[in-house]
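Here is a short briefing on one protein structure. Keep the sequence and the 3D view side by side as you read.

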Amino acid sequence: MIHDRGSIKWSSLMLPEHVEMLRELWREDADQTMPIIDEQKLDEMNELIHDAYNEKHSVKITFFSNQRIHSVCGYISTINPIKASLTVMSDKESLKTISFTSLIDVQIA
């Protein structure tokens, strides 16, 4: 069986500029776009957020930030309608502020 080293064997023949351009290309390929959320889903998420806040349920919130989709689990500690954001106290005892416009999904854990 032949064990190929892939692109490693060619890396010594590449200029550093080429290597950096390839890394940038791979980073751009990994970037994601914000999914479009319909109004029904927004209403459902709004109800879940208020129920979880009022009844102190643990939630899993999926949100979009820095061209990536992230998730955080914890309790909603504050809802700020003026700044259009909410703050989640994660299970690791850290606070995460999330904008309403970046929300993708809310689930009660």
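L22 counts as partly exposed, because its relative accessibility is 31%, and partly exposed covers the range between under 20% (buried) and over 50% (exposed). L22 is found in helix α1, residues 16-30. Bear in mind that this is a predicted model.

**The whole protein**

- The protein has two helices and five strands.
- Read from the N terminus, the elements run α-α-β-β-β-β-β.
- The protein has 109 residues, and 21% of them are buried.
- Take the contacts with a separation of 6 or more: 47% of them join residues 24 or more positions apart.

**The sheet**

- Strands of a sheet pair through backbone hydrogen bonds, either parallel or antiparallel.
- Here, five strands form an open sheet with antiparallel pairing. Their order is β4-β3-β2-β1-β5.
- Which strands stand at the edges? They are β4 (95-99) and β5 (103-108). Each has a single partner strand, so one side of each is left without a neighbour in the sheet.
- Neighbouring strands of the sheet are turned against each other by 45° on average, direction ignored.

- Strand β1 covers residues 58-65, and strand β2 covers residues 68-80.
- How many bridges link β1 and β2? There are eight bridges, and the pairing is antiparallel.
- S65 stands opposite R68 in β2.

**A helix on the sheet**

- Helix α2, residues 39-55, packs on the sheet.
- Helix α2 touches β1, β2, β3 (85-90) and β5.
- The direction of α2 makes about 45° with that of β5.

**A look at N80**

- N80 lies in strand β2.
- Is N80 buried or partly exposed? N80 has a relative accessible area of 27%, so N80 is partly exposed.
- Leaving out residues up to four places away in sequence, N80 touches S85 and F100.
- N80 and S99 are 19 residues apart along the chain. Their C-alpha atoms are separated by 9.4 Å.

Note on methods:
Residues are numbered from 1 along each chain as its sequence is written. This is a predicted model: local features need pLDDT of at least 70, side-chain atom pairs count only at pLDDT 80 or more; totals for chains, interfaces and linings use all residues. Side-chain values use heavy atoms; hydrogens and water are left out. Two strands pair if DSSP finds at least two bridges between them. Helices (H or I, at least four residues) and strands (E, at least two) are DSSP runs, numbered from the N terminus. Axes are lines fitted to C-alpha atoms, for helices over the stretch in contact, and angles run from 0 to 180 degrees between N-to-C directions. Contact means heavy atoms within 4.5 Å. Buried means under 20% relative accessible area, exposed over 50%, partly exposed in between (1.4 Å probe, protein chains only).
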